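The report below concerns a predicted model.

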Amino acid sequence: MQKLKAVIFILAAFSSCANGDCGCNKLDRDASTSETVSQLPDQQVCQQQAGNKNKHYRDYYADLEQGIEEDMSLIPGGSLHVGTDEPHFQADRESPERLVQLKNFYMDKYEVSNANFEKFVKATNYTTEAERFGDSFLFKTLLTPSQQSELEEYRVASAVWWYKVSGVSWRKPHGINSGLKGLEQHPVVHVSWRDAVAYCTWAGKRLPSEPEWEAACRGGKQRKLYPWGNKLMPKDKHWLNIWQGEFPDGNTADDGYKYTCPVNEFRQNNYDLYNIVGNVWEWTSDLWQPDDTSETPNRVKKGGSYLCHKSYCYRYRCAARSQNTEDSSAGNLGFRCAKDA
């Protein structure tokens, strides 16, 4: 029996590798037993001279920026291309490229941090879904070998490096014995889509739509892979927080971070947005299936995370997309807010 289980895990891991999938889109709280082994009980970037920073952006939209929100960037609307005609993952429906019409809107410069989420929780006495359910998904490298052994039955079958761990939440992002000390300015994680909506509503904002998110990501550029262009490491510098090395065991952290980085660490485009790709996945308001009327529909998430690597999960491109159910949460899933201009 033990040998059979081992074979199943190996085949599942091989299948995921062949599909280029880190398993982030399988971390659904309502996943069927066929997808989950078991259920637990109850700088940097865009380096420019300071005097020229965002010069064209400022000059062209100066009249619109008079009432700009604190820590938000004005994203100009108009006719904008989203999607791509050169998809990397056909199943993700990255294609076709299409033209959308958007109004001007504001986007948070930073992913919502633990410190800001804590302010929301203290003001509203809010309890996240991970706290109510009593568990969330955690990546294997945040567990000791003995913990991995103890929780072997609670791995995701098609992505065995993900564990459903009891007691993990935004307050304990790295495991049940962790806390927020030193992570105050890191992005909040283990938040569901519904948690993100609750925060945005409290802040007088909303989640961005997928086209808005992608327009913001592209930073005024057309048909580019990343917010800054097509080259991953211009000037041989790291422009985002992703996985370096061999996934899922050999993260060399050449970008300086093994896990999440502070929300203000990597400035990535001329709209003054940080970590719009990499670091953590970000919820959007859009349904994965527009006609989905189920209780826990899948919602689109964008941007990839610190666990992404081109050989496995090449989803830190502006056009890339994935999904999870509304009530799902994980250690690499966060959000940022938008607002009407």
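Which residue in E13 is the bridge partner of Trp-281? The partner is Leu-333, and the contact belongs to a pairing in which two bridges join strand E10 (residues 281-287) to E13, the two strands running parallel. These strands are part of an open sheet of four, ordered E12-E11-E10-E13 and mixed in its pairing. Strand E12 (322-325) and strand E13 (333-334) each have a single partner strand and stand at the edges, so one side of each is left without a neighbour in the sheet. Across E10 and strand E11 (298-302) lies helix H7 (residues 210-218), which runs at about 140 degrees to E10.

The loop between H7 and strand E8 (245-246) contains Gly-220, which counts as exposed because its relative accessibility is 53%. Leaving aside residues up to four places away in sequence, Gly-220 touches Ala-215 and Tyr-271.

The whole structure holds 20 salt bridges, among them the three tabulated here.

| Salt bridge | N to O distance |
|---|---|
| Asp-108 with Lys-205 | 2.9 Å |
| Arg-194 with Glu-326 | 3.1 Å |
| Asp-272 with Arg-267 | 2.8 Å |

Arg-194 lies in helix H6 and Glu-326 in the loop between E12 and E13, so this pair ties together parts that are 132 residues apart in sequence. Glu-326 is buried, with a relative accessible area of 7%, whereas Arg-194 is partly exposed at 27%. Through shared partners, salt bridges join Glu-129, Arg-132, Arg-194, Arg-299 and Glu-326 into one network. Asp-272 and Arg-267, by contrast, are both buried.

Note on methods:
Residues numbered from 1 in each chain as written. Predicted model: local features only at pLDDT ≥ 70, side-chain atom pairs only at ≥ 80, totals over all residues. Heavy atoms only, no water. Pairing = 2+ DSSP bridges. Contact = heavy atoms within 4.5 Å. Axes fitted to C-alpha atoms, helices over the stretch in contact; angles between N-to-C directions. Buried < 20%, exposed > 50% of the residue type's maximum accessible area, 1.4 Å probe, protein only. Salt bridge = Lys/Arg side-chain N within 4 Å of Asp/Glu carboxyl O.
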